[in-house]
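This report covers packing and backbone geometry. Start with the structure below.

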Amino acid sequence: MATPGDPTTGQGPDDATLVLVPDDEAARSLAGVPGLRTAIYDPASGDVPEDGRAAEAILLSNDPGHADAVFALLGRLSRLRLAQTLSAGYESWDGRLPDGVLLSNNRGAHGGSTGEWVVAALLAVVRDLPAFVRKQDAREWDQRGSGTLLETRVLVLGAGDIGLNVRDRLVPFGVEVLLGASRARDGVLGPDDVPGVLGDVDAVVLVLPLTDATEHLVDAAFLGRMRDGAILVNAGRGALVDTDALVAELSAGRLRAALDVTDPEPLPDDHPLWSAPGLLLTPHVGGVVDGWRRRALAVAGEQLRIFAAGGRPENVVGD
């Protein structure tokens, strides 16, 4: 039998909205959110305590290895009305939830850290830092010039939280930033506008969500419109880019790239991207920084608070 404050089951007033959470840390984080009580489920097996079967909301595990078990669990929760993610990306869940269940993402938690990675990656490529690191390893003093972000133009595709964070971090470096998104609006280019500017920018940054409309958006034709020496930066999802088309451009030495995400992912050890020239590659770590989960749980808690109060969470997506 649970004791008061026990995070493992039924924490909170009996008349509060019951939320299933994947671990003790999440339960502790949500303990002070008005109108909520929590029960912990096992995301690896999909097991849920007896009193958790009446849950109206669930905090989804962000471990892709848990997806099948969690999907099976969702179908057994007859009162479920909201699924809340801990990530900004939601393509794994979109369109796959039971009827009547809203999906809310974690917009607002990861924009700053992902924007920071974009700036770091662009600076590393432009200033040729990977080559200097290799020279350091070889104990070679190779004093030479490099590029700069000063007076460059960068197209950021994605004008939500992450895209705006990227813009705000690039502008102080003397960069002119253009924003593009799935629809045109004041200060934001639409899909029909993007092809016409690709030849006029020094870099393209991808922070779009992965949907049917954006899968392989960056194909051979897209890449072919980019100017010689331009940089493609992908901090969104790997499948936004046609990998074979990008490998061809990198191998030809015409474009450069910085990728935090790939298609496939993880990248097989024999994949040509590993040795592609002009590429900086990191293993999907743009948002994996100190305090990321605390920030993600804070955003999730606010969405769940709104839901428990009878409102529609601000981060609802896909409907």
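## A buried threonine

Thr17 counts as buried, at 10% relative accessibility. Buried means under 20% relative accessible area, exposed over 50%, and partly exposed in between, with a 1.4 Å probe and protein chains only. Thr17 sits in strand E1, residues 17-21. Helices (H or I, at least four residues) and strands (E, at least two) are DSSP runs, numbered from the N terminus.

What does Thr17 touch, leaving out residues up to four places away in sequence? Its contacts are Gly35, Leu36, Arg37, Glu56, Phe307 and Ala308. Contact means heavy atoms within 4.5 Å.

## Basis of the values

This is a predicted model, where local features need pLDDT of at least 70 and side-chain atom pairs count only at pLDDT 80 or more, while totals for chains, interfaces and linings use all residues. Residues are numbered from 1 along each chain as its sequence is written, and side-chain values use heavy atoms, with hydrogens and water left out.

## Nonpolar cores

A nonpolar core is a set of buried Ala, Val, Leu, Ile, Met, Phe, Trp, Tyr and Cys residues joined through side-chain atoms within 4.5 Å. The largest one has 29 residues. Leu155, Val204, Met226 and Leu232 touch the most other members. At least two residues of this core come from each of strand E6 (153-157), helix H6 (194-197), strand E8 (203-206), helix H7 (220-225), helix H8 (243-251) and strand E10 (256-259). H8 gives the largest share, four residues.

Another core, of 26 residues, lies apart from the largest one. Its members include Ala121, Leu170, Ala181 and Val205.

## Backbone exceptions

Most residues other than glycine have a negative phi, and most peptide bonds are trans. Which peptide bond ending at Pro264 is cis? The bond from Asp263 to Pro264 is, with omega near 10°. The bond from Glu265 to Pro266 is also cis, with omega near 0°. Pro264 lies in the loop between E10 and strand E11 (279-281). Pro266 lies in the loop between E10 and E11.

Asp128 has a positive phi, near 60°. Its loop joins helix H3 (111-126) and helix H4 (129-137). Asp128 is partly exposed, at 27% relative accessible area. His284 also has a positive phi, about 55°, although it is not a glycine. His284 lies in the loop between E11 and helix H9 (292-308), and is partly exposed at 32%.
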